[in-house]
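Below is a short report on a two-chain model. Read it beside the sequence and the coordinates.

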Amino acid sequence: MLLIYCPYCEEERSELEFRHGGDAHIARPTNIADVTDEAFEEYFFLRDNPKGLIFERWRHIHGCGRFFNAARDTVSDKFYLTYKAGEPKPVIPGVSPATEKTVETYEATEGTAK
Amino acid sequence: MSGANRIAGQGRLTPAKTARFTFDGKTYHALEGDTVASALLANGVHLVGRSFKYHRPRGILSAGPEEPNALIDVSRDAARRQPNVRAPVQEVFDGMKVESQNRWPSLAFDIGGVNNLLSPFFAAGFYYKTFMWPKAAWEKVYEPFIRKAAGLGVSPTEDDPDHYANRYAHCDVLVAGAGVAGLSAALAAAEAGARVILVDEQPEVGGALHFDTSVKIDGQNGYDWAQATAAKLKAMENVTVLTRTTAFGYYNHNFVGLVERVTDHLPKPDKKLPRERLWQVRAKRVILATGSIERHMVFANNDRPGIMLASAARTYLNHFGVAVGRKVGVYTASDSAYEAAFDLKRAGVTIAAIVDNREKPGEAVLAEARKLGIEVLTGHSVVDTKGKLRVSAMSVARNGGGSARWIPIDALLMSAGWTPSVHLFSQSRGKVAYDAASGRFLPGTYAQDCLSVGSCNGTDGLQATIEESLAAGELMARATGNENGVKVELRGESAFEWTGGMAGAGEGAGADTTVKAFVDFQNDVCAKDIRLAVREGMHSIEHIKRFTTNGMATDQGKLSNIHGLAIASEVLNREIPKIGLTTFRAPYTPVTFGALISHSRGALFDPARKTPMHAWEEAHGAVFEDVGNWKRAWYYPRSGETMHDAVNRECRTVRNVAGLFDASTLGKIEVVGPDAEVFMNLMYTNAWDTLKPGRCRYGIMLREDGFVYDDGVVGRLSQDRFHVTTTTGGAPRVMHHMEDYLQTEFPHLKVWLTSTTEQWAVIAVQGPKAREILEPLVEGIDISNEAFPHMSVREGQICGVPTRLFRMSFTGEAGYEVNVPADYGQAVWEAIWARAEPLGACAYGTETMHVLRAEKGYIIVGQDTDGTVTPHDASLSWAVSKKKTDFVGIRGLKRPDLVKEGRKQLVGLLTKDPNVVLEEGAQIVADPNQPKPMTMLGHVTSSYWSENCGRSIALALVAGGQARLGQTLYVPMPDRTIAVEVSDMVFVDKEGGRLNG
């Protein structure tokens, strides 16, 4: 079970109190009614599945109720940091963004098995 | 007398404290502190079980949790019975009943043993290949047969009468394992001031010190030092020592699951005590001191009762005072087994020979063996054994194919070296690394804040283990902010340093042989099975494991993994690390369901939500249905009525007189603030700026993709306040959805959302006499038709309590929904009922509500829609504003697929035979004679007998449905095909005049 630091409550709480909210930093187009099919597809349907660093949303649903963002490693589940909604995407020192766009195979996720 | 094989002066149990137990009906005597295994061995019982597949006679292999053979059924009474208990870890208590498993009619004569003779037909993968055809036979013939024949123990049939506890704990340092390494680490961390939890699965601390009597620490006997150290730790305020407690799972962020066995060893447990306690520990740092497990040798017929691990025999002698035989052979590739021979020899047991497959054993042990007069055959191997129900002889040959000779024995000890227990490390997602020099997988890359110490880290030698563990304890204490403590130093001495070890099949069980040389005893996997798996194309260790079942079940790789890998490596001609190691999964040892579910059983399994009027409904004979966690009154049968009768009566009564319905479960959200109107415009398809205070509107909420997400009536109480209702099941997700947009997309809006579902009790009063019923009870609201028309809301009082009174209808009748504070729900309901009943009204339940709404074509989101339905598909285009430039779903609704012709649309269906009621979910076709696969146009979403229409009615999603009005379609059923006519969705009062009555 993950231990998650809520940037609003300013403490680490158990995963049981939180709900995952999908990728972070995806803004709803302000002119959404007028965007092209391609732009809408990109906004609503398409997501990366990175191996490594991901920026994602969480909600402290059984706590303060606030949505916030987190930088997490999808392999180790290590949280690099969490930050309030609306704050810019942070640079994580020493961690480069995941390079592989999609990861689907067992070998890719587990790494060593052949 | 506690067994003929108990040796006076040996062991640590007290001869005066005895306990009686039965094994397969026969009474035996044990000593307090005995395990079932040690007690049986003390009584000369080696035959304890039958193997899984071949039903071969099996004995006790180990003295620990790795035991694959001695699985027994233990009971206290009829309800307190547990199968598949490992005999070496179950402590004996007085009055215990033990049964062997997987045998019939008796352990000594087992019919299933014929499988052993048929074993050429039961090779690895046999089930996969044999029971493929015919397909239909799988369910009816093969599976029931295999299920009956396979499996070891039999599950208890009675409810578990015990209770279980659950506890959360936090600490600076959690130490798993209380052998030399764990005790040293815990002591160092505790003395430095850290909050420490030390756990060990055994009844006492000590680990390998249970058997290794040659160890001295600070001049004290090792085992005594361990007990003294544990006592010292227990006395410290910052330390918790848990014995009989297994760290079974290492999860994310240093979250470790422990299970503490509280009463399983007690003859008469206090009823207040839980049987087991689950600990969920969040540790800042973890120290793994899980030790290592001795491996067996892989040779022909290495599974006879009486053949066991050398360290196990040493444990039975040195801790329990039990000699496992009178004339004992030893077969080893490691120095460690010599010490077992030395201890037994000194206790008066004859050692037939030490057969060492190495040419050069450690010189120190060799010298000691000579001194004790024990024959050592180096460069020799045991190539076979004899003995039906217990080993009686070993066949010994010089390596490389020399002639063999039989040596009579009554027990055979073996050791192929030690496998570090990296289970918890691997569970923590750490990556193991193969150390070619020692042939071991050791902790490599750490994924979490933990450290391995001692033999689970591959550290050899007592002093090295102590120093590494003390340093780790100190480091972890410092890392958690404990700097000012006392530094600990310890000095250890042991008689011998151990060398040696091997992996894979031994002499006589090599590549060209077909002998039964067991790698995994529990799953009856032999060396040849692993070779077969490779030949059949399984080249990944994960595939080999699943094809052969090697290392499955409770073994989880404890004994079998390394041998299995080595054999596969040899056949594949690839190095061991290239084949990989299977990932260890939790739990390390089996955990009972009781411990995991704790109090979450029976009524506490899932909480029931009850409305404020629940007691009245119960008293008036309501039958309830579950809607999510809610208990909702389903229908109110009167005496002699079937459900059908009751629903028909309720339906008639509501349309002819009136009915009361408990609508309290509807989700309710208060949307308040200066920007409430703007927010509502964004969240719902409707235009809310045109809704005046005091009026209501039916609102539709979409997801961004344009599909219907929820619906409900919204009342506007004032310019800045909306009373929003949601579907019963949808309330939490609608709230979450609204909060998501408010917090993250529209944070500039000044709006506050409050869930008020449980604050309001809601009483729907529906029907021609609804106003007559309510009028005298309402104060401060003119509820005349003119002042309070359909789709209005007012605040006032009813029966002296505040109310939000809605004029609205989900029945098609003139109706009201009376919202009162939940605490007054039942009182107001009773007051309304007191007026309603004499007028001939009834209380109605959810089934009648469903029928009445279907008669009017009112949809239920989630029943008539399924997440792929747009408002246009549901004939609700009128509710989608065409003027707004934004709302959630506005763009999704324009997607090419959503504006395409021929989409499935909601329509009504009337069966040609009015008495036939369609089945919900039934498929609809245009041509019932079309060959399969038929073109399916859609399905029935709602279907009822409508008493008011005197016929059946149905709603359905049908491709291009709105263009098919009047067409005949077909619903093929297993026994007949039903013809239906497509109609509109309103079956009663098409003009809607009754709403305004």
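## A positive phi in a loop

B:Asn573 is exposed, with 7 other C-beta atoms within 10 Å. The cut-offs are these: a residue is buried if 20 or more other C-beta atoms lie within 10 Å of its own, exposed if 12 or fewer, and partly exposed in between, with C-beta atoms placed from the backbone. B:Asn573 sits in the loop between helix 14 and helix 15 of chain B. Its phi is near 55°, a positive value in a residue other than glycine. Most residues other than glycine have a negative phi, and most peptide bonds are trans.

Helices (H or I, at least four residues) and strands (E, at least two) are DSSP runs, numbered from the N terminus.

## Basis and confidence

This is a predicted model, in which local features need pLDDT of at least 70, side-chain atom pairs count only at pLDDT 80 or more, and totals for chains, interfaces and linings use all residues. Residues are numbered from 1 along each chain as its sequence is written, while chains are lettered from A and ligands numbered from 1 in the order in which they are written.

The model scores ipTM 0.91 and pTM 0.88. Chain B averages a pLDDT of 94, and 97% of its residues score at least 70. Here pLDDT is the predictor's confidence in each residue, from 0 to 100.

## Chain B as a whole

Chain B has 23 helices and 51 strands. Its C-alpha atoms fill a box of roughly 115 × 75 × 55 Å along the principal axes. Of its 997 residues, 51% count as buried. Take the contacts in chain B with a separation of 6 or more: residues 24 or more positions apart account for 67% of them. Two residues are in contact if their C-beta atoms, placed from the backbone, lie within 7 Å.

Chain B is divided into domain 1 (18–132), domain 2 (165–292 + 420–493), domain 3 (299–415), domain 4 (503–581), domain 5 (668–756) and domain 6 (857–996). These bounds come from an automatic or database domain assignment. The C-alpha centres of domain 2 and domain 5 of chain B lie 55 Å apart.

## Helix 13 and its surroundings

Helix 13 of chain B spans residues 541–548, and its buried residues are B:Ile541, B:Ile544, B:Lys545, B:Phe547 and B:Thr548. They pack against strand 31 (525–526), helix 12 (527–535), helix 14 (561–572) and helix 15 (576–579) of chain B. Just after helix 13, B:Thr549 takes a positive phi of about 70°.

## Other local backbone features

Two cis peptide bonds can be checked. One joins B:Ala586 and B:Pro587, with omega about 0°. B:Pro587 is in the loop between helix 15 and helix 16 (593–597) of chain B. Another runs from B:Lys932 to B:Pro933, with omega near 0°. B:Pro933 is in the loop between strand 47 (923–925) and strand 48 (936–946) of chain B.

B:Asp989 also has a positive phi, near 50°. B:Asp989 follows strand 51 (977–983) of chain B. With 16 C-beta neighbours inside 10 Å, B:Asp989 counts as partly exposed.

B:Gly485 lies in the loop between helix 11 (462–479) and strand 29 (492–493) of chain B. B:Gly485 is partly exposed, with 17 other C-beta atoms within 10 Å. Leaving out residues up to four places away in sequence, B:Gly485 touches B:Glu191, B:Ala192, B:Gly193 and B:Ala477.

## The sheet of chain A

Four strands of chain A form an open sheet in the order 3-4-5-6, with antiparallel pairing. The edge strands are strand 3 (19–23) and strand 6, each pairing on one side only. Two strands pair if DSSP finds at least two bridges between them.

Strand 3 and strand 4 of chain A pair over three bridges, and A:Arg19 stands opposite A:Arg59 in strand 4. Seven bridges join strand 4 (residues 53–59) to strand 5 of chain A, where A:Trp58 stands opposite A:Phe68. Strand 5 meets strand 6 (residues 79–84) over five bridges, and A:Arg72 stands opposite A:Phe79. Six of the seven residues of strand 5 (residues 67–73) of chain A are buried, so this strand is largely enclosed by the rest of the structure.

## The contact between chains

The contact takes 21 residues from chain A and 25 residues from chain B. On the chain A side, helix 1 (residues 37–44) gives the largest share, three residues.
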